[in-house]
Amino acid sequence: MSKESVYMLVEPADATPIWFSRTIAGLKENCARHRLTLTQLQSFSDLDDAQENTASMIVVSSQNSWTFHAVQELKRRSIMPILLGAIPEQFGEGISGIKLARRIFIEKIMDYFVACGRKRMALVGVNHNASNDNVKADVFLQNVAQMNLVSTQEDIYWIDSDISSSVLHLLDHAAKYDSVICSNDYVAVTLLAHAKERGIRIPEDLYVAGLGDTVIGRYTSPTLTSTSEDEFFEMGRQALSIWQIMSENPFLTNIIITIGTEIIARGSTAFFQPTEETHNPHTSLEPAISIGPESQTVRNLENCLRSCDSLDLQILQGILAGKSNDQIESDLFLAHSSLYYRLRKLYQMANVPNRAELKRVFGFYLPNF
């Protein structure tokens, strides 16, 4: 096996998930520290070029059908897959990988809600074709039974075409619940915006928790309780550890590592600080995961904020404050051409056509920005 190059295959996506970026960043950082070159392959057809140079390959993915195809293509070439994101056990024996402690997260957040005095829970925004989401749904139902709660299968709101399908369905029945677990922060940000539109008070009527600690979750109203994003970076770092161990121990069949997470309490749960667990943990072709228009809008906001430098953020704040271009140029000592260039970049990053739409989407989803 080549000791100089680490190969990575990434599932193509219309909108690159933030966790993909954070995971790859962690992998790059660890490769650089060990003076290894990280090479990303663009498609399955590129596998033949790498076949003679590697005995194992890192796969970043979330969609079951694509991951299954990737695993089969690698096995056919006698390359051992190391899965990041997807659950290794679901793709056959001898599959290595890093998985997030979604089971532990669901248990933690349910314990946390109970400690807050919230016991009528719903799970929203899960997708049938995402292996991690299926784990979340299974653990939710298991914990409901073990904690003597009254939620059932009907209290899981699955995505049909867009995250808004599950969010709006949940809000139609919001009076039944006192707390909601969102499968990720994008779902939670969407829920908070539509809840406010309907006059549903967060956290008075509903406690809401997301997953991933996105930037946009810090600017919602109220701010979003979530989990640390460091888990994604660490997932990438640990992938290289598996790659190295497998390269040095050819008799190993597979290694699976689970990364934990912590709750970050914010306004959507009244800043209630998490306590120790209140109970002991117990131990085909599919449709593509749909990225609908509302899901895409929320993801665009996250990508926009992550791509902004300090000057971009000041320009954005000026726009949202209602300042004219002349005022912004004067306040920030910018030439007209410089402001025009940065405005175009902001519109592109947020995927909006103009200033008015930029103000609208920020005002609707991130009123505290």
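Author: Rings of Phe, Tyr and Trp are taken to pair if their centres lie within 6.5 Å. In this predicted model, Tyr-112, Phe-113 and Phe-272 form one aromatic cluster.

Reader: How many aromatic pairs does the count come to by this rule?

Author: The count comes to seven aromatic pairs. One of them joins Tyr-157 and Tyr-177.

Reader: How is the geometry of such a pair to be read?

Author: A pair of aromatic rings is described by the distance of the centres and the angle of the planes. Planes over 60 degrees apart count as edge-to-face. For Tyr-157 and Tyr-177 the centres are 6.1 Å apart and the planes stand at 85°, and the pair is edge-to-face. Tyr-157 belongs to strand 7 (residues 156-158), while Tyr-177 lies in the loop between helix 6 (163-172) and strand 8 (179-182), so the pair ties together parts that are 20 residues apart in sequence.

Reader: Are Tyr-157 and Tyr-177 buried or exposed?

Author: Both Tyr-157 and Tyr-177 are buried.

Reader: Which residue caps the N-terminal end of helix 7?

Author: The cap is Asn-184, with a side-chain oxygen 3.0 Å from the backbone nitrogen of Tyr-186. Just after helix 7, Gly-199 takes a positive phi of about 80°.

Reader: What volume does the largest cavity have, and which residues line it?

Author: The volume of the largest cavity is about 40 Å³. Its lining consists of Leu-192, Ala-193, Lys-196, Thr-220, Ser-221, Phe-364, Tyr-365 and Pro-367. Helix 7 and helix 13 (355-365) are the elements that give two or more residues to this lining, and helix 7 gives the most, with three.

Reader: Finally, where is Thr-225 placed, and what does its side chain meet?

Author: Thr-225 sits in the loop between strand 9 (207-209) and strand 10 (226-227). Buried means under 20% relative accessible area, and Thr-225 is buried because its value is 0%. A polar atom of the Thr-225 side chain lies 2.8 Å from the backbone nitrogen of Arg-266.

Key. Residues are numbered from 1 along each chain as its sequence is written. This is a predicted model: local features need pLDDT of at least 70, side-chain atom pairs count only at pLDDT 80 or more; totals for chains, interfaces and linings use all residues. Side-chain values use heavy atoms; hydrogens and water are left out. Rings of Phe, Tyr and Trp (its six-membered ring) pair if their centres lie within 6.5 Å; planes under 30 degrees apart count as stacked, over 60 as edge-to-face and the rest as tilted. Helices (H or I, at least four residues) and strands (E, at least two) are DSSP runs, numbered from the N terminus. Buried means under 20% relative accessible area, exposed over 50%, partly exposed in between (1.4 Å probe, protein chains only). A polar contact is a pair of N or O atoms within 3.5 Å; within protein, one must be able to donate a hydrogen and the other to accept it, and residues adjacent in sequence count only if both atoms are side-chain atoms. On a 1 Å grid over the protein atoms alone, a cavity is a set of points where a 1.4 Å probe fits but cannot get out, and a pocket is an open set with protein on both sides within 12 Å along at least five of seven lines; lining residues have an atom within 4 Å of a point. Grid points are joined across faces, edges and corners, and a volume is the space filled by probe spheres set on the points.
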